[in-house]
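Here are a few exercises to work through with the model open. Try each task before you read its solution.

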Amino acid sequence: MVINAMERIIKDLLDEYKNRLYLHCTCDECLDDILALTLNKTLPRYVTKEENITYIKANFVDKQELTSLLVKLAECAKIVSNRPICHNT
Ligand SMILES: [Zn+2]
């Protein structure tokens, strides 16, 4: 099994911060779109074991990297919010 650890890490971030990202729409479609967009701008970190995600999160994602991930997330949230792919808004 190959997992991109960043996928989980960014998904967690998005869950945590979605209320502070001024999203016009928070449906699953839009959240997935934000996640995909952010991941495309982020270097993947592949792991072969589920438990290694926690290791990566603890040891490789420092405060500075977390901040830049959040900036990317906010940028992508803005792009999706301005042009939602769903028809809820
Ligand atoms: Zn939506």
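## Exercise 1: the metal site

The zinc ion is held by Cys 25 (SG), Cys 27 (SG), Cys 30 (SG) and Cys 86 (SG), at 2.2 to 2.3 Å; donors are N, O and S atoms within 2.8 Å of the metal (3.2 Å for Na, K and Ca), and water is not among the atoms, so sites may look incomplete. This is a predicted model, where local features need pLDDT of at least 70 and side-chain atom pairs pLDDT 80 or more, while totals for chains, interfaces and linings use all residues. Residues are numbered from 1 along each chain as its sequence is written, and side-chain values use heavy atoms, leaving out hydrogens and water.

Task: work out the spacing of the donor residues in sequence.

Solution: go along the chain from donor to donor, and you get C-x1-C-x2-C-x55-C. Next, check burial: Cys 25 and Cys 27 are both buried (under 20% relative accessible area, with exposed over 50% and partly exposed in between; 1.4 Å probe, protein chains only).

## Exercise 2: helix 4

Task: find which residues of helix 4 are buried.

Solution: start with the limits, residues 63-82 (helices are DSSP runs of H or I, at least four residues, numbered from the N terminus). Then pick out Leu 69, Leu 73, Cys 76, Ala 77, Val 80 and Ser 81 as buried. Finally, look at the partners: the buried residues of helix 4 pack against helix 1 (5-17) and helix 2 (28-40) (contact means heavy atoms within 4.5 Å).

Note on methods. Helices (H or I, at least four residues) and strands (E, at least two) are DSSP runs, numbered from the N terminus. The expected span of a helix is 1.5 Å times one less than its number of residues.
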